[in-house]
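Let's take a walk through a protein model together. Keep the picture in view and look up each residue as we come to it.

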Amino acid sequence: MLSIENYEANGVAWPFELSSDFKGINLEERYFGFQERATEIFGKKVSVKPNLLSPFFDRMAFDEEILKKVKDIIGPNVYIWSSAFFAKAPGDGKIVSYHQDNPYWQLTSNKVVTAWIALTKSNQQSGAMEIVPGSYKLGLIDALDVSNPREAYLEGKK
């Protein structure tokens with residue numbers, strides 16, 4: 001299925017590959033090197049807008065293969081609103097709960113997508129991102145205070 005058809009049907013499209021500029025580069029090593037340097041300079045790790053501090057992550061944010069797919073979905077006018085690392089170290093217990101990205105940004109357009117790039121191995125054991133296909137068709141869902149957030153999200157409870 002083409003990315004635009006998959007996106008319209010499910011609200012998500014995958015998998016996409018970074019351009020050949022990134023082939024053979026150890027992204028995990030680049031990430032940890034960046035964080036080591038950030039800690040030396042700022043005294044802490046950096047999670048927000050790393051592309052403004054790193055030419056490497058800036059090139060990744062503007063990767064032509066990813067942008068081509070994004071343009072297929074939302075059209076030719078692309079603006080990178082933000083970039084971020086969501087790092088979950090083994091055993092730290094961090095989670096990113098079920099949510100919709102658009103309400104957090106408070107933008108006036110619904111032509112908004114998130115391009116998620118795994119820098120480390122991403123699978124169920126490592127706490128990979130989980131999506132709920134088609135949930136965008138439920139409209140905006142408020143914060144959930146329920147015992148089973150995934151089930152509530154699937155049902156569109158507010």
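Some words first: a residue is called buried when its relative accessible area is under 20%, exposed when that value is over 50%, and partly exposed in between, using a 1.4 Å probe and counting protein chains only. This is a predicted model, so local features need pLDDT of at least 70 and side-chain atom pairs count only at pLDDT 80 or more, while totals for chains, interfaces and linings use all residues. Residues are numbered from 1 along each chain as its sequence is written, and side-chain values use heavy atoms, with hydrogens and water left out.

Let's begin with helix H2, residues 27-42. Helices here are DSSP runs (H or I, at least four residues), and strands are runs of E with at least two; both are numbered from the N terminus. How far apart are the end C-alpha atoms of H2? They are 22 Å apart, which agrees with the 22 Å that its 16 residues should span at 1.5 Å a residue. The expected span is 1.5 Å times one less than the number of residues.

Now look around this helix. Leu27, Tyr31, Phe34, Gln35 and Ala38 of H2 are buried. They cover an arc of only 100° around the axis, so they lie on the same side of H2; the arc is taken from the directions that run from the helix axis to the C-beta atoms. Part of the cover over the buried residues of H2 comes from helix H3 (55-61), where contact means heavy atoms within 4.5 Å. On the other side of H2, Glu29, Glu36 and Glu40 are exposed.

Side chains of opposite charge can pair when their charged atoms come close. A salt bridge here is a side-chain nitrogen of Lys or Arg within 4 Å of a carboxyl oxygen of Asp or Glu, and by this rule the count comes to three. In one of them Glu40 pairs with Arg37, with the closest N and O atoms 3.0 Å apart. Because these two are three residues apart in helix H2, about one helical turn separates Glu40 from Arg37. Glu40 is exposed at 53% relative accessible area, and Arg37 is partly exposed at 48%.

Lys68 is partly exposed at 43%, and Glu65 is partly exposed at 24%. Another salt bridge joins the side chains of Glu17 and Lys23, at 3.5 Å from N to O. Is Glu17 buried or exposed? With 54% relative accessibility, Glu17 counts as exposed.

Next, visit the loops. Most residues other than glycine have a negative phi, and most peptide bonds are trans. Pro15 sits in the loop between helix H1 (3-10) and H2, and the peptide bond from Trp14 to Pro15 is cis, with omega near -15°. In the loop between H2 and H3 you will find Lys49, which has a positive phi of about 55° although it is not a glycine. Lys49 is partly exposed, at 35%.

Finally, return to Phe42 in H2, a partly exposed residue with a relative accessible area of 46%. Together with Ile41, Leu52 and Leu53, Phe42 forms a nonpolar patch on the surface, with about 430 Å² of accessible area.

Terms used:
Patch = residues over 30% accessible without salt bridge, like charges linked within 9 Å, V, L, I, M, F, W, Y side chains within 5 Å. Areas by Shrake-Rupley, 256 points an atom, 1.4 Å probe, with all protein chains shown as cover.
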